[in-house]
Structures are given as C-alpha cells and as structure tokens.
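Have a look at the structure first, and then read on.

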Amino acid sequence: MTELALRTTPRRTPHRRRTPGERASALVTGGWGPTLAVTYLSLLVILPVAAVVTNAFSGGWHAFWLAVTQPQALAALKLTLVCSVLVAVVNSVAGLAIAWVLVRDDFAGQRLVSAIIDLPFALPTIVAGLTLLTLYGPNGPFRVNVAGTRIGIVLALAFVTLPFCVRTVQPVLAELDKETEEAAASLGASHAGVLRRIVLPSIAPAMLAGAGLAFARAIGEFGSVVLISSNLPFKTEVASSYIYNLSQSNDLPGASAVSVVLIALALVLLLGIGALRRQFNVTEAA
Amino acid sequence: MKKRRANWPRLSLRAGALGYLALLIVVPVGSVFYRAFQHGAAAAWDAITTTDALHALVLTLVVAGIAVPLDTVFGVGVALILARHRFPGAWLLDALVDIPLALSPVVVGLALVLVYGHTGWFGNWLAARGITVIFSVPGIVMASAVVALPYVVREVLPVLQEIGTEQEQAARTLGAGRVAVFRRITLPSIQRGLAYGMTLTTARVLGEFGAVAIVSGAILGRTQTLTLFISSSIENLDPVGAYTGSVILALIALAVLGLLALTSPRERRSRWPSRSPGSPSASAPLSPSTA
Amino acid sequence: MAGLALLGLSVGAAPPAGAAGGTVSLVAYSTPKPAYSVLISAFDETAAGSGVTFTQSFGPSGTQATSVTQGLPADVVNFSLAPDMNKLVSAGLVASTWGSGPTKGIVTDSIVSFVVRPGNPKHIKTWADLVKPGVQVITPNPFSSGSAKWNLMAAYGAQLALHKTKAQALAYLTQLLQHTVAQPSSASTALQTFLGGQGDVLLDYEDDAIYAQNQNQPVSIVTPPETILIENPIAVTTKAADPTAAKAFVKFLLSTEGQTLWAEQGYRPVLPSVAARFDFPTPKKLFTIDGLGGWTSVNTAFFDPTTGKVAAIEQSLGQATSG
C-alpha cells in the first residue's frame, strides 16, 4: 500500500504524465464528453452572461460608465460590498467555531446540529427574509430591531451564507492530523499557540475559500435582504435590489451594466479561490 | 484519543457556536413551522390543498425532477473532465462552473430572457420552431438548473482528485470497459460527495425564487412554482398558505437530507488533499459523521 | 383523489376546454388577484362567459408589462397605471386608441390613502401630519413601483391643491421622503413591511387597504383631505387569441354587474350609477394625474432615475445622512 502511495501521487492527477494508450483513449471518449459539458455550460451560463454583458454595452462604453457611476448605483454597490465583506468575516469565524464544535466536540444531538446547518438552502429566500423581519424587526419577540440597518442586512446575509463557511472548513478540520497538535502541546505549547501555529495555517485556505463563497453569494443576494433592509435608496438599498428596480423601470442596459460589475467581481473572486485551491493541492506534497 | 482539556473553553465555545446557530437558523426556521400551524393543522391543510397550491407543488416537483438529474449528469461529467484531463483553460472552466453561485437571481432571470426571450438572441429561432422557453416550463427548468449548477461539481471534483486513478487503471488493465469502470469503481467512490451534491442541488432548485419569478410569468396553474405561490400568498395576506408552502419545501429538503444520512456510510470525504498516506479509499472512518 | 391524478397529468397541459367558450389570458398587476377570482366566477355564469377558460398571471405592474413585451401570452391586460399600458402600445401589442372608450380605458378607480395602526394613535389626518416630528412613513420605491409614483404625486398634488407653490410642493416631498423609513420594491411588499411593525403610516391604494381590512389585518384607513384619483387601465391586446371572448370579458368588467362586484371588493367603480350606490369616502379635493401634466411628462420630470426631481431628492437625502 505504502509503495503505491509513494509511486503515484493521486493529488497530482492533472499533472501526471500519461501513457500513450491512455492519451489515445482519453481523446476518443473525451471527444463527446467535454463537448456536451461545454454545450450545457454555454446554454445555461456562458451565453446568458454574454447577453448581459452585450446588453450592458449596447449604448457604448460611455453609457455603460454612466450607468455604473450613477450616485445611486455607487451607493448600492458600496453598501453591498461592505456588508458582504462583513458577513464573510463574521461567518468565517462563526463557521470555524461551529465546525470545531461539530468535529472536535462530542455531545448528544451533534448530527442534528449538522443537519440544521444546511437548512438555509431549503428555505426560499423570500420566506427567510420575511421571517427574519418578523423576528428581528420592530414587532419581534426579542425586543431588538435591526430593520433598516446594516446589521439587518448582515443578519440576512449571514443566514444564507453560513452553510458555505461551515462546510468548507469541516472536512479539513476532520482530516487534521492531531498528532502534530498533541506533540506541540506535550512540548509545552499553550492552547492558543497550538491553535495559532498549527491548526490555523492548515485550515486557513479552507476558511478563505468559505469566506470567498460567502462573499460571492452575498453580493448577489436579493430575496432575503430586501425586506429587512427597508430598501432605502442611497442608504440601505443593495445592488441586487437596485438592479431589480432598473429592470422594472425598463432600463435594461442600466440593469445589465450594474450586473456586469457584480459578475466581474464574482469572477475575480472565484478565480482567486480556484488558484488558491490549486496552489494548496500542489504544495501539499506527501 | 482526545486530550482532556479544561472544560470551560470547550463549553463556552460550544455554547457560543450553538447559540449563534440557534438565533440565526433554528429560531427563524422554527418560526416558519410555528406560523404554518398557528391556526391549526386543518387550516394549514386547507391552504396547501387548493388547486393553485397543488399545481404549484406538482410543477415544482416536475422542475426538480428534470433540473436535478441534468445538473447531476453535467456535474459528474465536468468533475471527471477537470479531474482526469489536463487542458489549457481548465482554470476558466472551473471558475465558470462556479459563477452561478455568485450570480444574483435577478441577473440570472434577466440573462435568460435576453437570450431565450421573444426579443432575445434566440427569440426568432425559437419562435419559428414553435418552442417557448421563457414564460413556460422549459424556462423555469433552465433557471433552476442554472442556479444549482455548481453543487454536484464542487462536491464530486475534490473526491475524484483525491482518490486518484490507480484502481480505475488497474481495472482497465484487467480488461474492464470504460462504462464498467465508471459504474463499479468510480461511482461507488464518489457516492458520498455525489449524494451530498445532489441534496444541495435539490434544495437549491426547490427554493429558487428570484430567477424563476422573472422567467416564469407566474401564470397560475401553469408556471407558478411553489416559491412563487408562497410569494403570492404573502402578497395576498395569506400567511398560512405562505408558511405552509415553506414547510413543505423545507420538509422535502429535509427528507432528501435524511435519506442521505440513512443510506450512506459514516465517513465523510475530505475536500482537500488528505495528509495521511496510503490509499484513501481504505482509510478508517473519520470523525463524527455529518448528515 | 382522482383530482390529484389529473393534476399530475395536467402540469403544462392546457386546462380542460369548456364549451365553445374560448380562452382568455389575463395579465394584471398584483392587487386585484382576489377580486378577479370573484369576477371570473361571476363571468362564468353569464351567457357570454359560460365555458370560457382563463389563465391568469399577477405581478408588479411594471414587471407584467415588461413580460408581455417579452412574449408573455396576454389577451386582456390590466395595469395599475397608464405608462405601463403605453409600454405595450410602443411594442405594438395594444392599440393606441385603448383610451378612447366611454370610460377612457379605465376599469377601476381608487385613491391614495393613509393606512395607520388601529385607532390611529398618532392622529394622522392630513398630509401635514405625515411630516410632524417622530412620524415614520412607508411608501414603496418610486423607481420600481407604480404605487409609489401615485403616492408621491398625490403628496405633490395635495400641496398644489392647498395653494402652495411648486417649489414648496417639492420641499414637502423632500420632507416626506426624509420621514420615510422604508421603500420596499412594491406596494404589496410595503404593506408587508407595515404589517411587520415598521412605520406609523403607509401610503397605499385604497383598495389594497380595504382588502387588508377585510382580511382582518390590524389597520385603519384614513382618507386624506386632498388626494389623487388612481385610474387603472385595461385593454384587449392586438394579439388576443380569442378577441370575442376577451372583449366580452372586458365588457363584463365594465358592466353594472361587474362594476358592482369591483366595488364590493373595495375598488371605486367608474360607472357613476354604480358609484352612487356605494359609500366611498369623498376627499375634499380630488385631482387627477392629468391635472398635474399627465404621466408622460410627470414620469420624465419626476421619476427619471438620473434627471428626475425625486431622484435628486433621494440623492440629497442619502448623502446628507450617509455613513
């Protein structure tokens, strides 16, 4: 078993040299597979995104720039970015804490807790928004009112993005080799020291990936945010709501223009996460 | 072997994490259930068994029944391509697959209309063939498939990357055909990731609202999905209908999650390369299972 | 239940056809959905309507209009304000003469009302009360909601009706928006926000408020002394699959019986004979959008997202309090 592990490095499959026989068969069967996949992707993602981009520039660069630098657009984009970063940070920490409790702790009902984390996926965003407003708005039972505030927006975003932050960290934490931690502890390192110098560096990429996903989801979120934010233009109106408003008043190129900004942001972010993943793959040698 | 640590840091962390979960997720979701049954089970039953509600439920299930398999097949296919082949632009494909995660549903709807709508890029081509996509069931299926596109890929790809190809190669050198290799070696090894990916896909498809709202036209009894029905119930001041519909959606998603927990082994695949040597498929079950 | 089995088969298929009655695709704004279920049942009982099958779609007025231009099948369209109808005229889907009938193409009227908490604890009676210290207002976002446009023009017009100057009327709008704590994207979301506990007063269609009251929601309705007459247009589209059935339906909606049913649902009838039989509150001063220049010029002057007066006000308010 060990020899096999030494001889072939599974993680490096994409970089491994293949035999001529393999290459040939890959070409043959790889012929229709990738084509179908790319077709599916084109119909569903590439073409629609291209259409939005085209629509955004249908009035030329000048019109695009004008639409994107509208004070209301800028206010909405700025608010969206700030809240999304906030929620990415908050949920990264919370996600780590929750993942830790799920992996390293041991108590009754742990599996149930784990199931709960995926619940935000199952709830339609409008229901989530309505519920959060009812609970944490002016009529809420907890006597706390975050409607119309940034905290309210962050709350709604936290609800929908928590699963990302937990599920990226959880498996990594689970696979963490405890021997190193225990060795460090037995050599006199404090809890904090162990955490800081051994655990955190190992899970940092996962946390970053989770934060990135949370951010990506947050910048586009609409249904759950729009009620609790009160949607005040220039104050608590998020980018997706602004886009929706523009599409309502039939300013499709304007809506597309701001959408392009969001898409570009997301693409940059996802490419960054992808690069991070690949780097981690490559440097993580046996 | 866990080292016994001081109790209070662990307990306070546990309290903090669970408290956060409670306030953020449990209480809101719980209140949805509460409000659905606030006026009794009979009222909830009535609200969910109106003609429109039932139509919406059936439509939602039909849409899920088409979109989820489509995304699953695509997801496994792309994961295989990305994991097993090396080609220029792989990084771009990887990012493109993830784009729907970040796309605002409003943008997805807008984009689909711009391409497949009456006045869209393919508008005339489709109209000439009598195919309606937007404002019809195919449009809803597409919108749902788009928003849930990444999940299967993201769950299966890391597993494929981690388990490597030795067993598949071994099988092939022993004479097994590609399909047999896939069916008997690849598929079982990605089973966990695949199942979880399918669960996420299903949940996402069931709960999609924004994009579907734009492409469906909300034609009662024809293109009104359950989420649209819920939204309409909210607007028409029928909270019982809205919350009951939400409960149905949550229950379906929970059922799928539950099936997953029941039918799969306890171990959970890592998404990142394992640091332990040896063939990963033979490694011992890892820490506490997750649903 | 055999019904369930049929449902399973009929998703996406056309509803069972009735007699040679034809089909009508109705596309309307969101508020009249409950009203239409009553009206359609009643229509079914008439000779002209027997056997006619309907498909119905409801949503925000602007969205619905845009959807129709994008190909949403529509035989009869009913919007909350005329500019949405004009979108269809520009797209060649509705004849430009839609407003030339006896009721000028309008099927129902309403007014902008104040919706307050039961018992009106803050004693909100006039437009001036809305900008008193501590009063919080809710109105939808004027860039996405037709209702919001009616609301703001009602506020503006009320000032003019009180003999203020245009500058003073604009200043009032600024004050009003300063007191606005939420601007949800649509009228129904605004109602939800108000019912959720925000704000002291909601500006809304009277018929929407009446519906909420009928649904036992905790609201009181106050009729402002000066307000705007909301006119909801209706038309048969040029591409109607069955023009006979569609026209018969519109005729029914404008008939005495139809208008009576509308009135019972809280919509002000356009037929004077029916209106006389109902007890809708009469504001002291009722003006129309035409009196303010008509929608075309108002839309540009006030609601253009870049150059409109309301956009300027919103921006100055946002910047003044940004941070």
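A salt bridge here is a side-chain nitrogen of Lys or Arg within 4 Å of a carboxyl oxygen of Asp or Glu. Keep that in mind for this predicted model: across the interface of chain A and chain C, the rule finds zero salt bridges. Polar contact is there, with one residue pair found across the interface of chain A and chain C, both at pLDDT 80 or more.

Which elements of chain A each supply at least two residues of the side that touches chain C? They are helix 5 (71-104), helix 8 (125-136) and helix 13 (239-248). Helix 13 of chain A gives the most to this side, namely four residues.

By class, the side of chain A that touches chain C is made up as follows.

| Class | Residues on the chain A side |
|---|---|
| nonpolar | 11 residues |
| polar | 11 residues |

As for extent, 25 residues of chain A are in contact with 31 residues of chain C. About 2200 Å² is buried between chain A and chain C, and carbon and sulfur atoms give 53% of that area. Within chain A, the residues that lose the most area to chain C are Phe234(A), Lys235(A) and Gln248(A), which together account for 23% of what that side buries.

Now to the loop residue. Ser190(A) sits in the loop between helix 10 (178-186) and helix 11 (191-220) of chain A. Buried or partly exposed: which is Ser190(A)? Its relative accessibility is 44%, so Ser190(A) counts as partly exposed. From Ser190(A) to Ala37(A) the C-alpha to C-alpha distance is 51 Å, and the two are 153 residues apart in sequence.

Key:
Residues numbered from 1 in each chain as written. Chains lettered and ligands numbered in written order. Predicted model: local features only at pLDDT ≥ 70, side-chain atom pairs only at ≥ 80, totals over all residues. Heavy atoms only, no water. Contact = heavy atoms within 4.5 Å. Buried area = accessible area lost by both parts, 1.4 Å probe. Polar contact = N/O pair within 3.5 Å; in protein donor to acceptor, adjacent residues only side chain to side chain. Nonpolar A, V, L, I, M, F, W, Y, C, P; charged D, E, K, R; others polar. Buried < 20%, exposed > 50% of the residue type's maximum accessible area, 1.4 Å probe, protein only.
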